[in-house]
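The sequence and model come next.

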Amino acid sequence: MNNPIIPEKTLIPFLNFFNTGTPALALDFDGVISELKQDPQTASIDEYCLQVIMKLNKILPNISIISGRNARDLESKIGLENLTYIGNHGAEYIKDGKLIQQSPEGTDLMIKSALDYMKSQTLEINGIFHENKTISASIHYRGSKDHDNTKIILTKALKNMPNINKLDVFWGKQILEIRPHSEFNKGYAIKQLIETKKITNIIFLGDDTTDVDAMVQIKKLRESGMVSGFSIYVSQDNEMNENLIKNSDYSINGIKDVRKTLDQIYHHFKSSY
C-alpha cells in the first residue's frame, strides 16, 4: 500500500481490502479520539467518536485502545465495557476487571527516582506536567512557552538522570517518555492482541512516534500473511511527520477526519451484523 493523504475521499477501497470478515479496530487515545491537551489530565474522549465506537462495538470482533496512558485511566475516560484497554505502551492491560502489569521487579522505584530528578531540573519551567505511571513516566511540555528550549533543558537533564543506562527514552509531540529496557511497545501490544484474540483483520489509528511500532508490526504481519490490515496516521494541523507517513498506509487530519473514518467503517460493515 502507498500512503495517500485523502481525508475528503472515501475509505471504501481500503475497507474492501478485507474479504474474510469484519476487522478489529485498534486506536490510540490522545490525538486520535481525544483532542491533545496541554494538561493531559483534562483530556476526554470526543463525544462523537464515543457514540460511533459504541455502535462499532456491536459489529466488530474487537475494539482496543492502545496508549501510553495507564490502562485504568483509559478505562475511566472511555467508560465502555467489552473494549480491550492496553496501557503503558503494551506493558499493562485489563483482564476480567483486573489490572495486569508486566514489568521488571523494582521498576516503580527506578521510575520514581528518575522522575523526581527530572522534576528537580525543570522547576523553573511553567506549563510542564510530570506523570508517574508506576512502570513508566511521561513529561508533558505542550503547555510550556518555548517548546524548543524546554526540549534542550530536558535533553541535558537526561545525561545525569538516575539509572539512565537501564531506561529507554522516547520523544513524541511535546512529550518525553521514560521506560525501563523491555520488549514492550505498541508493536508488541498489536502482536499480542492479534495472537490472543485470534484476529485476522485489523485497522489501527495512531498519531505520534510511539505508534510507529504498531504500524511496522501490522506491515510485517501483513507481508507474512498472518493478518490482513492497515494503519492510519492521524496528523494534527496537516503536519508531515515523515516517519509516520513512511510506516502508515493512509493519512487523515485531526479528530474531524477520525469521526468521518469511524463513520465510514460503521456504515461499510453494519450490514454484516
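The charged end of Lys55 sits over the ring of Tyr266, 4.6 Å from the ring centre. Lys151 likewise lies over a ring face, that of Trp171, at 4.9 Å from the centre. A charge sits over a ring if NZ of Lys or CZ of Arg is within 6 Å of the ring centre and within 35 degrees of the ring normal.

This is a predicted model, in which local features need pLDDT of at least 70 and side-chain atom pairs count only at pLDDT 80 or more, while totals for chains, interfaces and linings use all residues. Residues are numbered from 1 along each chain as its sequence is written, and side-chain values use heavy atoms, with hydrogens and water left out.

**Aromatic pairs**

The structure holds four aromatic pairs. Rings of Phe, Tyr and Trp (its six-membered ring) pair if their centres lie within 6.5 Å; planes under 30 degrees apart count as stacked, over 60 as edge-to-face and the rest as tilted. Two of these pairs are described here.

Phe18 and Phe230 are stacked, because their ring centres are 5.7 Å apart and their planes meet at 25°. This pair links distant parts of the chain: Phe18 is in the loop between α1 (12–15) and β1, Phe230 is in strand β11, and 212 residues separate them. Helices (H or I, at least four residues) and strands (E, at least two) are DSSP runs, numbered from the N terminus.

Phe184 and Tyr188 form an edge-to-face pair, 5.0 Å centre to centre with 85° between the planes.

Buried means under 20% relative accessible area, exposed over 50%, partly exposed in between (1.4 Å probe, protein chains only).

| Residue | Relative accessible area | Class |
|---|---|---|
| Phe18 | 8% | buried |
| Phe230 | 0% | buried |
| Phe184 | 13% | buried |
| Tyr188 | 17% | buried |

Ring pairs also join Phe18, Phe230 and Phe269 into a cluster. Leaving aside neighbours within four places in sequence, Phe18 is in contact (heavy atoms within 4.5 Å) with residues including Pro23, Asn201, Ile203, Phe230 and Phe269.

**Parallel strands**

Side chains in a regular strand alternate between the two faces of the sheet. In β1, Ala24 and Ala26 point one way and Leu25 and Leu27 the other way, and all are buried. β1 runs parallel to β10, joined by four bridges. Across that pairing, Ala24 stands opposite Ile202. Two strands pair if DSSP finds at least two bridges between them.

β1 also runs parallel to β2, through three bridges. Here the bridge partner of Leu27 is Ile65. The chain crosses from β1 to β2 through helix α2 (residues 47–56), and this β-α-β crossover is right-handed. A crossover is right-handed if, with the strands pointing away from the viewer, the path from the first strand over the helix to the second runs clockwise.

β10 is mostly covered, with six of its six residues buried. Asn201, Ile203 and Leu205 point one way from β10, whereas Ile202, Phe204 and Gly206 point the other way. β10 pairs with β11 (residues 228–235) in the parallel sense, over six bridges. One of the partners is Ile232 in β11, which bridges to Leu205. β10, α7 and β11 make a right-handed β-α-β unit.

**Helix α6**

Which residues of α6 (residues 186–196) are buried? They are Lys186, Gly187, Tyr188, Ala189, Ile190, Leu193 and Ile194. Their cover includes β1 (24–27), β2 (63–66), β3 (84–87), β10 (201–206) and α7 (212–223).

Asn185 caps the N-terminal end of α6, with a side-chain oxygen 2.8 Å from the backbone nitrogen of Gly187. A polar contact is a pair of N or O atoms within 3.5 Å; within protein, one must be able to donate a hydrogen and the other to accept it, and residues adjacent in sequence count only if both atoms are side-chain atoms. Just after α6, Lys198 takes a positive phi of about 55°.
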